[in-house]
2 protein chains.
Amino acid sequence: MASIHDVAKAAGVSISTVSYALSGKRSIGADTRRRIDAAVAELGYRANAGARMLAGSRTNILALTAPLHEDTYHPAHMRFVMAVTKAARARDYDTLLLVQDDATAGLERVTSSALADGVVVLDVDMHDERIERLRSLGARSVFVGIPEDTTGLRCVDLDFEAAAELAVDRLADAGRRSIGLVGHPEGLYGRGSNFPLRFRRGFGEAVERRGVAHAEVYPEETRAATRSAVATLIERLPEFDGLVLNCNEPVARAILAELTARGIDVPGAVSVVAGGANYSTRDFAPPLDVIPLIAEESCERAVELLVESIEHGDAGEFVELIAPRYVTRGSVVARAASEASPRTGARV
Amino acid sequence: MASIHDVAKAAGVSISTVSYALSGKRSIGADTRRRIDAAVAELGYRANAGARMLAGSRTNILALTAPLHEDTYHPAHMRFVMAVTKAARARDYDTLLLVQDDATAGLERVTSSALADGVVVLDVDMHDERIERLRSLGARSVFVGIPEDTTGLRCVDLDFEAAAELAVDRLADAGRRSIGLVGHPEGLYGRGSNFPLRFRRGFGEAVERRGVAHAEVYPEETRAATRSAVATLIERLPEFDGLVLNCNEPVARAILAELTARGIDVPGAVSVVAGGANYSTRDFAPPLDVIPLIAEESCERAVELLVESIEHGDAGEFVELIAPRYVTRGSVVARAASEASPRTGARV
DNA sequence: CTGGGTTCTCGAAGCGTTTCGATGCCGCTG
DNA sequence: CAGCGGCATCGAAACGCTTCGAGAACCCAG
């Protein structure tokens, strides 16, 4: 493997000149630069990563801690992992994957051995054990998600509370007075996963503020569960006419199918909004209004901020919430004033 | 951050003694070892990764090239990524993720900069562009999957051909004479994804050998597609009485549901085997006989072989096929000899 | 012609490990 | 008691890069 030594020799210059030519940290004569570039190309030179880390005290590696839980929804999880990796590469960083038990234990390993310059934290719980670990290690990190106590942390995420409020507001604005929430499976809330809880909190505040009737269900991804979830909503909300979905794609589809099967017209009888959805609702029947959760967006921003802090050393804590965008696809319509019971009406 | 220097001073020994104590490559006096261990613990010492790479010319990092295609089935993909990462950690290796366009381009970067000691190749295509790249780089690698030309490569995977044959044989042994195959979506075969093709090849050979009627369908993951897939099988196979599934879980469930919806009795009228399935069939209705594809198994072995070659330098090419295991759950039963047309019979 | 800037290049000092010979010391054998 | 083999330890030389300080060459103003 060619070393910087070989390049220097081939170009007839010193090692340091090669280094400066490649890093661009000092000006280099045009001719010298040409000869160096030629030598690099010919030898296929690539700086040794270990040497570079040692001398430069920078690794150009980001650790990505992404634990996998029993109830993790793989497609979404994968999308975030990919998004972080892509964003890192765009800034010339590689990504080291920390999973399972190592998602926590590995943090110490990679940071205190200076294997990674920073850590991207995915799948954040409200009281995440990685927070303390990271704090005590003094490691540079960014959370994609907002835990309960953000003191000293840097966090980026979609503003799920605002997203939930936005969804409720749109439904309420359309005259919907009885709004259901289809959330994630119970377990997620139980273990403190941050975004379902934040969404639910926003939902609770919004229905309160708007003074609308409401009910929540948390179905698993099975046909039976989604079926009974719809039944529960109908039972608990006599005037059920609005629905906010904050669940994964298969559940969303199943809920919609169940409404259809019951002869409930969407959006006439029940208007529906998908909130914080990491999937497209364009090919749903009908297509749903949606407040999208775009993995690329959060992850891009998170990596950007992390890399900036690595390279320019500006620390400081912050919580950056990404404002929700509302995409209209026609699944929310004004409620016909005359209708006494929308569901009954729809059954005709 | 404490360096080996600090540890040496704290323990009152030389640097090299600390190094040998930690690596175990030379014997160390009991008392010295105790003092070193104490110093390490107290200082929270952890060897600098860059320095270790440079001096030891080993990084303890594996690159994992896992491109994501349009049609990638995320849960399965994720399972393999996780399995590789876990297996690597068990041997004290970290995993660097190479995705997207970087899945190929990144190979050169990480190997020629000596960032990784070896490469695990996932999601292998029959004519994979990474093969040539890896060959020309002379990089240590292991493929999880079997491409068309394996010259000079090391490959590990479930023996999908044998799995398909096993599935057909079991059905044929049970007297099934008209066997359908539900494969993956067309696109996968088109782009040359290796395992669906290998499974299909095995299926083709087996039905030929056993002299049974056969038909193949390749549904997408939509209700309409699975429905029409079943219709096609029935149409093409007048005596349709056996079915091999080599598709993803949602499709498998949908196919089964469709059979049920049509009043086709499983396993009586049509016996079913899931082949090369990366999901559990235990909670299917009915539970299916299965030849499982266990990500952990292939990935464990792949990493084991890769690490061994890194650490003991034994190169050499090989193709290691993991023998299929057949798990009986009762979805294959002997065909009643009297029945003329099993499907018709089942409808009663 | 001198002095002071630029601009480009170089040598050398690290960075924190691993690893290869020593070396000193011990107990044993002949 | 000399000589020898083993064990435990040490010093120093890499490993390949980055970066600092300095020097050479040149130009321009005074």
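## Strands E9 and E10 of chain A

In this predicted model, A:Ala277 sits across from A:Pro292, a residue of strand E10 of chain A. The two belong to a pair of neighbours: strand E9 (residues 271-277) of chain A runs parallel to E10(A), and four bridges join them.

Step back and you can find the sheet to which these strands belong. In chain A, five strands make an open sheet with parallel pairing, in the order E7-E6-E8-E9-E10. Its edge strands are E7 (213-217) and E10 (289-292) of chain A, each of which pairs on one side only. Leaving direction aside, neighbouring strands of this sheet are turned by 15° against each other on average.

## Helices across the sheet of chain A

Which strands does helix H8 (residues 160-173) of chain A lie across? They are strand E6 (178-182), strand E8 (242-245), E9 and E10 of chain A, and the helix runs at about 170° to E9(A).

Now look for helix H10 (residues 194-210) of chain A. This helix lies across E6, E7, E8 and E9 of chain A, at about 140° to E9(A).

## The sheet in chain B

Turn to chain B, where five strands form an open sheet in the order E7-E6-E8-E9-E10, with parallel pairing. Strand E7 (213-217) and strand E10 (289-292) of chain B are the edges, each pairing on one side only. From one strand to the next, the twist averages 15°.

Inside this sheet, strand E8 (residues 242-245) and strand E9 (residues 271-277) of chain B are parallel partners over four bridges. To find a spot to look at, pick B:Val244, which stands opposite B:Val273 in E9(B). Helix H10 (residues 194-210) of chain B packs on the sheet and touches E6, E7, E8 and E9 of chain B, its direction making about 140° with that of E9(B). Helix H8 (residues 160-173) of chain B lies across strand E6 (178-182), E8, E9 and E10 of chain B, at about 170° to E9(B).

## A closer look at B:Ala162

Is B:Ala162 buried or exposed? The residue is buried, because 20 other C-beta atoms lie within 10 Å, and 20 or more is what it takes to count as buried.

Leaving aside residues up to four places away in sequence, B:Ala162 touches B:Gly202, B:Ala323 and B:Pro324. B:Leu137 is 25 residues from B:Ala162 along the chain, and 33 Å separate their C-alpha atoms.

## Two helices with buried residues

B:Leu137 belongs to helix H7 (residues 129-137) of chain B, whose buried residues are B:Arg130, B:Ile131, B:Arg133 and B:Leu134. These buried residues pack against strand E1 (61-65), helix H6 (102-112), strand E3 (118-121) and strand E4 (141-144) of chain B. Just after H7(B) comes B:Gly138, with a positive phi of about 65°.

Helix H2 (residues 15-23) of chain A has A:Thr17, A:Val18 and A:Ala21 as buried residues. Why are they on the same side of H2(A)? They cover an arc of only 100° around the axis, so they share one side of the helix. The face turned away from that buried side carries the exposed residues A:Ser16 and A:Ser23. The buried residues of H2(A) pack against helix H1 (4-11) and helix H3 (30-43) of chain A. Just after H2(A), A:Gly24 takes a positive phi of about 75°.

## Domains of chain A

The domain assignment divides chain A into domain 1 (4-47), domain 2 (61-158 + 295-322) and domain 3 (160-293 + 327-347). Taken over C-alpha atoms, the centres of domain 1 and domain 2 of chain A are 36 Å apart.

## How the two chains meet

Chain A and chain B are in contact through 31 residues of chain A and 31 residues of chain B. On the side of chain A that touches chain B, helix H4 (49-56), helix H5 (74-90), strand E2 (94-98) and helix H6 (102-112) each supply at least two residues. H5(A) gives the most, with eight residues.

How are the two chains related? A rotation of 180° with 0.0 Å of shift along its axis superposes chain A on chain B, with an RMSD of 0.1 Å. That is the relation of a two-fold axis. Of the interface residues of chain A, 100% are also interface residues in chain B, so the copies meet through the same surface.

Note on methods: Residues are numbered from 1 along each chain as its sequence is written. Chains are lettered from A and ligands numbered from 1 in the order in which they are written. This is a predicted model: local features need pLDDT of at least 70, side-chain atom pairs count only at pLDDT 80 or more; totals for chains, interfaces and linings use all residues. Copies are superposed by least squares on the C-alpha atoms of residues with pLDDT of at least 70 in both. Two residues are in contact if their C-beta atoms, placed from the backbone, lie within 7 Å. Domain bounds come from an automatic or database domain assignment. A residue is buried if 20 or more other C-beta atoms lie within 10 Å of its own, exposed if 12 or fewer, and partly exposed in between; C-beta atoms are placed from the backbone. The arc is that of the directions from the helix axis to the C-beta atoms. Two strands pair if DSSP finds at least two bridges between them. Axes are lines fitted to C-alpha atoms, for helices over the stretch in contact, and angles run from 0 to 180 degrees between N-to-C directions.
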